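Trainee: I would like to go through this complex step by step. Where should we begin?

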Amino acid sequence: MNRTLVRQMIGADLLKLRRHRPTMAAAAALSVGTSALYMLFILARHGWHLPATQLLDDGTTLMGLYFGPMAAVLVGTQAGVTDLANHVFRDLAATGRSRVLLFLTRVPAAVLLALLFTLAGFAVSTAAAYAFHGAGPGPDLGLVLRSGAWVALATAVLTTLAVGVGSLTGSASITLVAVIGWQTIVTGILYIAGFLGNLRWAVLSIALSRFLPAAQIGTRDHPGSSNALVNYKVPMPAAVAALVIVAWVLVPSVLGAWRTAHRDV
Amino acid sequence: MTTATPLIHLRGVSKSYGPRTAVSDLSLDVPAGCAYGFLGHNGAGKTTVIRMLLGLTPPDAGTVHLDGHPVDSDRLAALGRVGAIVEEPRFHPHLTGWENLRVVAAVRGPQALRRIGPALERVGLADRARDRVATYSQGMRQRLGIARCLLVDPKLIVLDEPTNGLDPGGILQLRQLVAAFVAEGRTVFVSSHVLDEIERVCQYVAVIDRGRLVAEGPVAELVGGSATEYDLVCRDQQAALTVLSTHPAVTSAAPSGGAIRVTLGDPRAGTGLVTWLVRSGVDVVSLTPVRHSLEDRFLSLTSRVGDQHA
């Protein structure tokens, strides 16, 4: 495969996404916007100073489990469905180029763009942690880097999942409702359904939270927390969590690629 | 067809959607360097054939070759120099004309990227290239679709109902572009039910009806003079009718406008008809073979006048 060609195709997919203003505006509001609003709210509530670790943990959770994934899903869905929705896919398929390649180049383009938003949102909380830790110690650089990496992992996973489901369904509305509905409502219910035991390990957010650098929010380790952000931490082996995450990336991707390759257009 | 290696080569191609047969055992050879009309009513199977040509949907049976390459197993080679507009040209409305071409050029390869500017110039859209396609008229979108075809320096351009939604100026421009492409040695495969356009633009034509090929050949042959029907103009029509009724090869003779429409049972009888009429005392002014329009031929071949097809 020609590297220049792949780079060009990813560039073209990036172009389609970044020029779609509604998606960009919504993704910016869900990431940077909500992060800034949350920090303003929680700092105002606590006299404009909070432990740096808590601000960082809240910001990380917000971008890795709550609003960041919504931005990622939005971008991923748009990447998955835009060619079909605009009836342009058949023109791309008629070039003779591999349809699987057409699918595969959507993924890095969407992930790159989604990362811009969620990492910018994470940067807002990091900046707040540095600026408003009061008399307490500032944020630990190692934790900042680990938290940023975890946000990037969550973003990449959720974006890829959305690209796959979008390519599979061909419908933005179905994809958004299904993926966001699963990530918010269904995941929340499953998290508190303790009777399910280890079955809950299969839930993506629970597997992702296994690698979240922060401890559980709202515990005595994090005094003063608003306790508004549950981070879905359930004790589980790291290897299992990694396998679950890989499965959540691979299964929708394979299905999306298969549908892209076999779709009658 | 006369060429040894046709640019489009279909053999025994069939396609069904559930119980409905869209295309049945279709074989077609399209020579290189011509404008080839593909005629049929709405729903006759034209777009299905084009979609199979472009590898957008696989045939249930048969083989499709473009420029000698099988579309199913060697897609890139088969479609690498094919530009196409299927049904109607569609674009990302939020992108500019230039950006839309860039999206396709990126998939085609680096050379296609360099052709964006010249292609836009060629179709007269260079000055609107930086405007969003959402602001384009139907005619401009059609031209942008043709510019998209030109990104690959195409050997074959496939146009599906290209005059749909175009005003007379747009149709004229399209006709000129097709003629220019053929003059450059490209092949243009035009699917349409606008018979007049096909007759003006194409050198070859195929007629498809209910998924089956019912006629194929040079347009001139298809609409050319009839060997069995003649219009006879003479000074005394009544006398001529009487004489004609005695000719053994004449199956019918009836006034038609200012002439007599003569139908012969044997096409070979046409050559001696004038001599025979003159010897029989008819003062012949002219005897001309009846020339059918493509519309006449199309309707006689498809026999679906007044049908409403989805």
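Mentor: Begin with a term: helices (H or I, at least four residues) and strands (E, at least two) are DSSP runs, numbered from the N terminus. Keep in mind that the model is predicted.

Trainee: Is Arg210(B) buried or exposed?
Mentor: The cut-off for exposed is over 50% relative accessible area. Arg210(B) has 52% relative accessibility, so it counts as exposed.

Trainee: Glu161(B) is not a glycine and has a positive phi as well. Is Glu161(B) buried or exposed?
Mentor: Glu161(B) has a phi of about 50 degrees and is in the loop between β7 (156-160) and α7 (168-183) of chain B. Buried means under 20% relative accessible area. The value for Glu161(B) is 9%, so this residue is buried.

Trainee: Which residues have the most contacts inside the largest nonpolar core?
Mentor: That core has 96 residues. A second, separate core of 62 residues includes Leu115(A) and Leu204(A). In the largest core, the residues with the most contacts are Leu10(B), Leu54(B), Leu66(B), Ile146(B) and Phe189(B).

Trainee: Over which residues of chain B is the pLDDT below 50?
Mentor: Chain B has a mean pLDDT of 89, and 95% of its residues reach 70 or more. Where pLDDT is low, the predicted coordinates should not be read in detail. In chain B, the pLDDT is below 50 over residues 305-310.

Trainee: How much area is buried between chain A and chain B?
Mentor: In the interface, 27 residues of chain A are in contact with 35 residues of chain B. The predictor gives the complex an ipTM of 0.90. Carbon and sulfur atoms give 54% of the buried area, which is about 2800 Å².

Trainee: Which side chain of chain B meets Asp91(A) in a salt bridge?
Mentor: The count between the two chains is three salt bridges. In the one formed by Asp91(A), the N to O distance is 3.3 Å, and the partner is Arg148(B).

Trainee: Which element gives the largest share of the side of chain A that touches chain B?
Mentor: Elements that give two or more residues to that side are α1 (3-18), α3 (52-85), α4 (89-93) and α5 (99-104) of chain A. The largest share is seven residues, and it comes from α1(A).

Key:
Residues are numbered from 1 along each chain as its sequence is written. Chains are lettered from A and ligands numbered from 1 in the order in which they are written. This is a predicted model: local features need pLDDT of at least 70, side-chain atom pairs count only at pLDDT 80 or more; totals for chains, interfaces and linings use all residues. Side-chain values use heavy atoms; hydrogens and water are left out. A nonpolar core is a set of buried Ala, Val, Leu, Ile, Met, Phe, Trp, Tyr and Cys residues joined through side-chain atoms within 4.5 Å. Buried means under 20% relative accessible area, exposed over 50%, partly exposed in between (1.4 Å probe, protein chains only). pLDDT is the predictor's confidence in each residue, from 0 to 100. Contact means heavy atoms within 4.5 Å. Buried area is the accessible area (1.4 Å probe) that two parts lose on being put together, summed over both. A salt bridge is a side-chain nitrogen of Lys or Arg within 4 Å of a carboxyl oxygen of Asp or Glu.
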